[in-house]
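Welcome, and please get your viewer ready. We will go from stop to stop, selecting one thing at a time.

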Amino acid sequence: MSALAHEGQAPSGPFRIAVLVSGTGSNLRALCQSAAVQQGLVRIVGVWSERPDAPALRFATDTGLWAEAIAFRGGSEREAWNRDLAAAIRRKAPDLIVLAGFMRVLSSGFLRAVEVGIVNVHPSLLPDFPGADAPAQAIRAGVCRSGCSVHWVDEGVDTGTLIAQAAVPVAPGDDVQSLHRRIQTAEHALLPAVIASLAERRTIQSA
Ligand code: GRF
């Protein structure tokens, strides 16, 4: 079961996504290059990062996307940072928020404030290896198969309802970097495919 944005009406206009990034931005790039974005089914209405120096943010600016850094504030400021980020995103009225390599855990206050669903891409076959260093966890565990997951975000860390997964082999000589590169290649296909599918169905939230 999913919530649909325009039940009973013909959907109008592009499906608006807000993209949150912390890293190199290869998933953001894959989204930008996807048919759904190129053909106007999906529009990236803004890109946010908690790291003003994130290469992904530079990529967004260079590509002409609307981009903003809201530098992370922890400790007693953490909830205020969550509020500021939620308020900034709401101003762009997205239908969906996409965490594309965003490395902070968002608070329950953030989840309530944005009032739209949030999807995350994670570099493991969840529920295996949640958290920050999933490819390293896979190497340490000696598994022969790993992959990536796209899931709805809930209040836990990588615990929300799964939407789709793609598996990749772990080769005998793999290290963390080579495995992560293979997983990211799979992410670059899976994340845009999931977003296109949600956009086609105007799905804005898990049940
Ligand atoms: C991806 O592997 C994602 O799954 C993880 O962080 C990485 C970000 O890569 N959470 P990029 O910034 O999209 O290149």
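How far is an oxygen atom of the ligand from an N or O atom in the side chain of H180? Select both and you will find 2.8 Å between them, a polar contact (a pair of N or O atoms within 3.5 Å; within protein, one must be able to donate a hydrogen and the other to accept it, and residues adjacent in sequence count only if both atoms are side-chain atoms). The protein covers 91% of the 370 Å² of accessible area that the ligand has on its own, with areas taken from the Shrake-Rupley method and a 1.4 Å probe.

Before moving on, a word on what you have open: this is a predicted model, where local features need pLDDT of at least 70 and side-chain atom pairs pLDDT 80 or more, while totals for chains, interfaces and linings use all residues. Residues are numbered from 1 along each chain as its sequence is written, and side-chain values use heavy atoms, without hydrogens and water.

**Around the ligand**

Next, select G25 and N27. A polar backbone atom of G25 lies 2.8 Å from a ligand oxygen, and for a polar backbone atom of N27 the distance to an oxygen of the ligand is 2.9 Å. Now show the 13 residues around the ligand (each with a heavy atom within 4 Å of it); T24, G25, S26, H180 and E187 come nearest.

Colour by secondary structure, using DSSP runs numbered from the N terminus (helices: H or I, at least four residues; strands: E, at least two). Helix α1 (26-33), strand β6 (117-122) and helix α7 (176-200) each supply at least two residues of the shell, and α7 gives the most, with three.

**Into the sheet**

Now pick strand β2, residues 15-21. Six of its seven residues are buried (under 20% relative accessible area with a 1.4 Å probe, protein chains only; exposed is over 50%, partly exposed in between). Look for F15, whose bridge partner in β3 is V42.

**Last stop: G13**

Select G13 in the loop between β1 (2-4) and β2. Is G13 buried or exposed? Its relative accessibility is 52%, so G13 counts as exposed. To finish, draw a C-alpha to C-alpha line from G13 to R145: they are 132 residues apart in sequence and 40 Å apart in space.

Key:
Two strands pair if DSSP finds at least two bridges between them.
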